[in-house]
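I opened this notebook to record what I looked up, entry by entry.

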Amino acid sequence: MEQMGFFARLLRNSITAALGVAMTTATMAQSSGGGPLSLFDNFFTGSVSPGNRAAPAAPPRSATAQNQPTPAPSSAPLPWSGEDGASGHPLMTAAAIREAAANFDNCVAAMWPDAARRGISQQSFQRFTAGLEPDLRIMDLMDSQPEFTKAVWEYLDILVNDNRLARGREILAQFRPQFDAVEKAYGVDRYIIASIWGIESNYSTQMGDRSVLNSTATLACVGRRQKYFKDEFLVTLEILHHGDLRPEQMRGSWAGAFGPTQFMPTAFKRYAVDADGDGRRDVVDNPYDLIASTANNLKKDGWQPGATWGYEVALPRDFNYLLADRAKAMTLAQWDHMGVRRAGGQPFPNPAEKAYLLAPAGAEGPGFLMLQNFRVIMKYNPAEAYALAIGHFADRLRGGAPFVQPWPRQERVLSRSERLELQQLLAQRGYYRGTPDGQFGGETRQALRSFQASIGAPADGFATGDVLERLRGR
C-alpha cells in the first residue's frame, strides 16, 4: 500500500534534522511493567532493564539503558567487555556468560516445543532461528551503571525543543485523518500519541538497529532475565510467523523494543491493531496501525477521554513535603484548601478529581498534581520524569505554554558515587536502614526528609550537593 515504507522515507528525509538528543534506543527498560523501552530509565535511575511493556523487573526502562547515543547502522558494533556485570547476579559473571554463550545453539533449539505449542510451524522456526548468534555486548548494556545522570529539567530541555515540536505539528497535520479516526475510536488524545512518537524515536529517526530476533534470543539464553526474555523471543517468532512484520522491520533496542513508539514484542501481541484492514498489524511502516495501536495501549491501560494528565502548581511556604507521595492522593479541592494553587492562577476545572503531588526538584522547583491519565502514561514507562515529559510535550503541541515556574538550575546533580555516599552517611546517622546502592527510592527520600527536618531545611527529600555537604559535616 502507498503508506507502507513511509517511515523508511521519513528516516532518509529527516536524518539531517536537528535531533536535540541522541536517544539510546536500547534504553528505556522499566522497573515495573508498562511502556516501551525509551530514554528515561537510565537518565533518572542510573540503571538498566527492559521495559514496555517490560516485565516487572529487577531494578534496573529505560530503556534506556545507557547514556551513549545509539551507533549509526554503519558503525562497527562494540564487542562485549568480557567483564562481570555490575549487578553482581551469578548469571552475569563473565564465566556464566561465556558458558551460556557456548550453549546458545542448544538453548534456541530447545525452545522449539514451546514454539510449536504457540502455533509456530517448524518451517517458520527453522527459517527465523537460522543464523542467530549471541550478541554479548547486550550483557554490558543490561548491567551498565552510569556514574553521572542529568537533572529532570535538563532532559525536558533536550526533549521538548523547538525542532521536535515543529516536526510533531507536521506529523499531526500530515496524518490528520488517521488521528481523527483513532481519537474517535479510542478516546485517546492525539497530542499524547504524537508526543510518545516524538519522544520515543524522534519521529522515527532513532528506532534502534539491533535485530529484535537476535537480541531477544540472546537474552532468552544468556544473562539474568532469561525467563522474561524467552517469552519476548517466542512472541517475536509468533509475529513473524503470522506475517504482521518482516524480520528487517523488527530492528530496535538491545532489549527488543522496536518501531516509532517502541513496542516490546509482548506489548505488540496485546495491543497492536490492524487499523486499515489490510490483514497486517504493522506498527513500523504503517502510520494508521501505529497511531491506533499506541492509542489502544493507552485505552486498555485506563485512559480517561477528554481529561488532562495533570497541572503545574505552586506550593505554599512551609509546605509539608511528606504529602508529595504517589500513595497520598487527594481531591483537587483538598489540595486547594491546603494552599496548593495552579501556576498562573487558573482554577481547577474539576475540584472532585483526585491527584497526587509530584515535586521532582524539591522545594526550589515547580510542583505538579498528577491525575489518572498521568498514571496511565506511567504504565507505558514507569519513570515519572518520562511521563512528565510526555504530558508537557503534548500540551506544547496543543499550543500550550512552557512551565511557569523556574527549575533550580543552580543545583548540581549528584553522581552515583555521591548518591551512594549520601545513603551511607544517612545510615550512619540512623536515618536510613536500607542497603546503600546509589539508587534513590522512597526509603532514601524519607531518610533525606528526616535529615533535612533535623537541620531546619525544607524537608522535600531532594538530594543536592548542599545536603551532601551538610551530611559530611562541612
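**Entry 1: strand 7.** I count a residue as buried when its relative accessible area is under 20%. The model is predicted, so I keep local features to pLDDT of at least 70. With that cut-off I looked up strand 7, residues 367-370. G367 and L369 point one way. F368 and M370 point the other way. All four of these residues are buried.

Entry 2: In what order do the five strands lie in the open sheet? I read the order as 4-6-7-3-5, with antiparallel pairing. Strand 4 (330-331) and strand 5 are the edge strands, and each pairs on one side only.

- Strand 4 pairs with strand 6 over two bridges, in the antiparallel sense. M330 has A355 of strand 6 as its bridge partner.
- Strand 6 and strand 7 are antiparallel and share three bridges. Here L358 stands opposite F368 of strand 7.
- Strand 3 and strand 7 run antiparallel and are joined by four bridges. Y311 has its bridge partner, L369, in strand 7.
- Strand 3 also pairs with strand 5, antiparallel, over two bridges. A314 is partnered by R341 in strand 5.

I checked burial for strand 6 as well. Four of its five residues are buried, so strand 6 is largely enclosed by the rest of the structure.

**Entry 3: the cores.** Which residues touch the most other members of the largest nonpolar core? They are F179, F374, L388 and W407, in a core of 54 residues. Helix 18 (residues 384-397) gives the largest share of this core, with nine residues.

I looked up the contacts of L388, leaving out residues up to four places away in sequence. L388 touches V152, L156, W309, P360, F368, M370, F374, F403 and W407. F368 and M370 are the residues I had seen pointing one way from strand 7.

**Entry 4: aromatic rings.** I count 14 aromatic pairs. One of them is Y311 with F348, which is edge-to-face. Their ring centres are 5.5 Å apart, and the planes make 65 degrees. What does this pair tie together? Y311 lies in strand 3 (residues 310-314), and F348 lies in the loop between strand 5 (341-342) and strand 6 (354-358), so the pair ties together parts that are 37 residues apart in sequence. Are Y311 and F348 buried or exposed? Both are buried.

I also found an aromatic cluster made of W153, F368, F403 and W407. Of these, F368, F403 and W407 are also among the contacts of L388.

The charged end of R225 sits over the ring of Y228, 4.4 Å from the ring centre.

**Entry 5: the disulfide.** How many disulfides does the model have? I count one disulfide. It joins C107 to C221, with an S to S distance of 2.1 Å. The link is left-handed, at -90 degrees about the S-S bond. C107 is in helix 4 (residues 104-109) and C221 in helix 12 (residues 212-221). I checked burial for both cysteines. C107 counts as buried because its relative accessibility is 19%, which falls under the 20% cut-off. C221 is buried too, with a relative accessible area of 4%.

**Entry 6: T464.** Where is T464 found? T464 is in the loop between helix 20 (442-454) and helix 21 (465-472). T464 is buried, with a relative accessible area of 7%. T464 touches E411, R412 and L414, again leaving out residues up to four places away in sequence.

Terms used:
Residues numbered from 1 in each chain as written. Predicted model: local features only at pLDDT ≥ 70, side-chain atom pairs only at ≥ 80, totals over all residues. Heavy atoms only, no water. Core = buried A, V, L, I, M, F, W, Y, C linked by side-chain atoms within 4.5 Å. Buried < 20%, exposed > 50% of the residue type's maximum accessible area, 1.4 Å probe, protein only. Contact = heavy atoms within 4.5 Å. Phe/Tyr/Trp six-rings, centres within 6.5 Å; stacked < 30°, edge-to-face > 60°. Lys NZ or Arg CZ within 6 Å of the ring centre and 35° of its normal. Pairing = 2+ DSSP bridges. Disulfide = S-S within 2.5 Å.
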